[in-house]
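Here is a friendly walk through one chain, from its overall build down to a single residue. Please keep the model open as you read.

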Amino acid sequence: MARLVSTLFSLLLLLSATPVLAADRLDSGDTAWMLVSSALVLAMLPGLALFYGGMVRSKNVLSTTMHTVAAMAIMGVQWVAIGYSLAFGGEGRFIGGLANAFLCGITPESLTGSIPTYVFIMFQGMFAVITPALISGAIAERMKFSTYCVFILLWGTLVYDPLCHWVWGDGGWLLELGALDFAGGTVVHLSSGISALVLALALGRRIGYPQERLVPHNLPMTLLGAGLLWFGWFGFNAGSALSAGGSAALAFATTQTAAAAGALSWMLLEWLHAGKPSALGAASGIVAGLVVITPAAGFVTPGWAMLMGLTAGPVCYGGVMLKHRLGYDDSLDAFGVHGLGGAWGAVATGIFATVGATGLVSGNFHQFWVQLIGVVAAGGYAVVVTTLLVLVLKATMGLRVEKDDERMGLDQVAHSETAYS
């Protein structure tokens with residue numbers, strides 16, 4: 001009898017412990033999807049290089065694509081060395097810590113949810129790489145390559161890593177406040193876009209702008225880049241579910257819908273405003289739709305995603321037109337598309353969220369207010385720190401190439417190469 005009671009008691013303990021064990025159990029399906037998602041996000045980097053590279057003049061195509069390649073190298077090392085630890089290695093309100101510097105304490109058996117922590121680190125590392133690279137769209141054809149390399153290292157450490165912790169890290173104050181950012185509208189696009197504007201204003205206009213038409217040299221390259229970005233963005237957004245389930249499926253569907261709607265609305269607007277829809281406009285519309293849906297991808301239905309994509313066209317098209325009205329030189333529209341698109345996407349998340357959270361359409365004004373706080377706080381922080389970095393680098397290294405070097409083209413000056421011989 002005593003043995004029977006003991007056996008039943010042991011069985012009850014085992015059953016009660018099962019849910020705890022399941023929460024920390026490796027899921028091979030989730031792991032496979034996150035490995036693929038990480039690779040998809042990495043594919044966005046050559047997509048971005050082609051997207052930006054086709055939009056500049058032929059004498060600057062290599063220097064422009066090198067901005068992205070340099071980010072892959074510099075931020076790829078920084079993330080493993082200290083970036084991951086600062087973003088996810090602690091529970092502070094504003095920053096993590098250095099407990100996991102050089103991935104100390106992480107083993108192949110370490111799990112984050114149902115996937116190996118190494119996979120989570122690499123997935124998040126792709127975000128850390130592409131975010132500073134987005135800034136390069138505002139400074140193309142005139143910034144010193146050496147200064148750019150130092151800038152993105154410092155910016156990634158002092159701007160991206162803290163913002164990443166605010167929104168996604170344990171104890172981060174915006175996470176605790178309840179801010180919604182499914183895949184990086186605030187962390188990635190708003191921060192990089194508004195920082196790009198600061199850097200563009202500090203650099204000044206390119207020689208000849210706006211009197212001369214500084215036209216793209218290879219629009220097919222830009223369209224190919226937009227296609228690669230669209231392709232990789234499925235990993236960017238659907239991968240942010242961190243599992244191969246319904247949330248990833250929803251994010252996949254909303255990403256596709258918003259991108260298509262963004263391209264459509266931009267083409268229609270350009271058709272009405274300029275008389276003809278352009279290939280560059282279609283490519284920009286694709287990216288605008290993708291940017292706007294990013295923070296909301298797992299929180300809205302495809303119907304709301306379509307509406308968000310349709311609004312992305314006028315918001316970002318208007319942002320691009322703004323530089324012509326105000327006279328600043330955001331070379332490749334980093335602020336117009338990523339800055340304003342990221343801000344609108346974050347706010348729109350607080351309006352249209354209906355899955356796993358509620359927004360204004362469901363009567364939740366508080367969520368809308370929290371999203372506004374997140375936009376103002378993240379944007380303000382990025383502006384202040386970027387301004388300080390610009391002032392220091394301008395005084396020590398200098399920001400801009402010499403006028404004769406700019407006229408010659410940065411491919412020859414910075415890299416001693418020619419894209420087309």
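## About the model

This is a predicted model, in which local features need pLDDT of at least 70 and side-chain atom pairs count only at pLDDT 80 or more, while totals for chains, interfaces and linings use all residues. Residues are numbered from 1 along each chain as its sequence is written, and side-chain values use heavy atoms, with hydrogens and water left out.

## The chain as a whole

The chain has 15 helices and 2 strands; these are DSSP runs numbered from the N terminus, with helices being H or I of at least four residues and strands E of at least two. Along the principal axes, its C-alpha atoms fill a box of roughly 95 × 45 × 40 Å.

Of the 421 residues, 56% count as buried, meaning under 20% relative accessible area, with exposed being over 50% and partly exposed in between (1.4 Å probe, protein chains only). Among contacts (heavy atoms within 4.5 Å) between residues at least 6 apart in sequence, 78% join residues at least 24 apart.

## Two helix pairs

Helix α2 (residues 28–53) packs with helix α8 (residues 219–238) at about 155°, their axes 7 Å apart. Axes are lines fitted to C-alpha atoms, for helices over the stretch in contact, and angles run from 0 to 180 degrees between N-to-C directions. α2 and α8 are therefore roughly antiparallel (over 145 degrees; under 35 is roughly parallel, 65 to 115 roughly perpendicular and the rest oblique). By class, their contact has 18 nonpolar, 7 polar and no charged residues (nonpolar: Ala, Val, Leu, Ile, Met, Phe, Trp, Tyr, Cys and Pro; charged: Asp, Glu, Lys and Arg; polar: the others, Gly among them).

Helix α9 (residues 246–274) and helix α11 (residues 302–326) also have axes 7 Å apart, at an angle of about 40°, and are therefore oblique to each other. Their contact includes W266 and H273 of α9 and G309 and Y317 of α11. It divides into 15 nonpolar, 7 polar and 1 charged residues.

## A closer look at K394

K394 sits in helix α13 (residues 365–396) and is exposed, with a relative accessible area of 53%. Beyond its neighbours within four places in sequence, K394 is in contact with A202 and L399. From H324, K394 is 70 residues away in sequence and 26 Å away in space, C-alpha to C-alpha.
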